[in-house]
Amino acid sequence: MSAFFEELDFRPTPIGTLSLRRRRDLRLGVDVIEIKLGDEYLMSSMFTASEIALATLGLAEVDSDRVENGLDVVVGGLGLGYTAKAVLEDERVSSLVVVDALQAVIDWHEEGLVPLGADLTADPRCRFVHGDFFALAASKDGFDPDAPGRAFDAVLLDIDHSPDFLLDPDNAAFYREEGLARCAAHLRPGGVFGLWSNDRPDAAFTARVAQVFENARAEEVTFDNPLQDEPFTQTVYLAKKG
């Protein structure tokens with residue numbers, strides 16, 4: 001492989017061909033790690049600000065009186081691990097369950113093929129669960145197969161591109177009021193739901209979240225896009241269970 005490009009792994013999955021790549025960006029002088037599903041980019045180490053903000057903004061919403069016993073957190077979607085790493089940097093967190101439907105992505109972290117893999121696998125608070133986040137959210141047993149019915153202080157989701165731009169059409173039910181309500185059932189009172197979106201805020205979706213949760217709002221996260229030499233804005237939706 002060229003020093004400027006390397007395919008680190010390549011696997012078929014039920015939703016398409018998944019690949020992990022490293023390429024050298026000569027203009028910026030950095031190595032970029034990317035995950036692609038077919039021709040779609042799922043994650044790039046060049047753009048991580050909003051993935052990190054999902055964790056920091058979400059956990060900032062958790063009431064301080066919940067900290068005594070530590071926070072139990074779920075992250076839906078492992079990606080390159082930036083949201084999970086930001087969760088673990090919060091010293092209040094006592095446990096993190098990271099749910100991902102793609103075994104390959106979990107393997108890449110456990111095998112050290114991605115930069116943050118060693119940090120996540122070495123932290124005893126962090127555990128990977130191979131599973132369908134949306135199916136687990138809709139179930140009575142919830143996100144932790146070792147503790148059915150377990151409730152959490154925060155559920156932070158970064159899987160689909162946006163509530164309207166889905167990786168799998170079957171995910172659509174989650175973003176309706178009924179799906180959001182089933183997810184809320186896995187939160188403790190006062191628990192926080194956070195959702196990443198590649199798009200700007202959608203007032204209709206925010207209103208839908210507000211039908212299920214309290215204090216629903218959309219936070220814009222703007223960062224410099226070095227590929228276009230201009231700012232780019234994504235969204236983190238935040239809401240709290242009453």
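A salt bridge is here a side-chain nitrogen of Lys or Arg within 4 Å of a carboxyl oxygen of Asp or Glu. The model on display is predicted: local features need pLDDT of at least 70, side-chain atom pairs count only at pLDDT 80 or more, and totals for chains, interfaces and linings use all residues. Residues are numbered from 1 along each chain as its sequence is written, and side-chain values use heavy atoms, with hydrogens and water left out.

**First stop: Asp144 and Arg150**

Select Asp144 and Arg150, whose side chains form a salt bridge at 2.8 Å, N to O. Both Asp144 and Arg150 are buried; buried means under 20% relative accessible area, exposed over 50%, and partly exposed in between, with a 1.4 Å probe and protein chains only.

The structure holds 21 salt bridges. Select next Arg11 and Asp107, whose side chains meet in one of them at 2.8 Å, N to O. Arg11 lies in strand β1 (residues 5-13) and Asp107 in helix α3 (residues 103-110), so this pair ties together parts that are 96 residues apart in sequence. Helices (H or I, at least four residues) and strands (E, at least two) are DSSP runs, numbered from the N terminus. Arg11 is partly exposed, at a relative accessible area of 22%, whereas Asp107 is buried at 14%.

Move to Lys240 and Asp63, where the side chains form a salt bridge of 2.9 Å, N to O. Lys240 belongs to strand β11 (residues 230-240), and Asp63 to the loop between α1 (49-60) and β5 (71-76), 177 residues apart. Lys240 counts as buried at 13% relative accessibility; Asp63, at 33%, counts as partly exposed.

Remain on strand β11 and select Gln234. Gln234 counts as buried, with 6% relative accessibility. Its side chain makes a polar contact of 2.3 Å with that of Ser50. A polar contact is a pair of N or O atoms within 3.5 Å; within protein, one must be able to donate a hydrogen and the other to accept it, and residues adjacent in sequence count only if both atoms are side-chain atoms. Which residues does Gln234 touch, not counting residues up to four places away in sequence? Among them are Ser50, Trp196, Asp199, Glu219 and Phe223, where contact means heavy atoms within 4.5 Å.

Two strands pair if DSSP finds at least two bridges between them.

Strand β3 (residues 30-37) has six of its eight residues buried. On one side, β3 pairs with β2 (residues 16-25) in the antiparallel sense over eight bridges, and Arg24 stands opposite Asp31. The hairpin of β2 and β3 has four residues between the strands, and Gly29 takes a positive phi near 70 degrees.

Four bridges join β3 to the antiparallel β4 (residues 40-44). Select Lys36 with its bridge partner Tyr41, then Ile35 with Met43. To finish, centre on Gly38 in the turn of the hairpin of β3 and β4: two residues separate these strands, and Gly38 has a positive phi of about 65 degrees.
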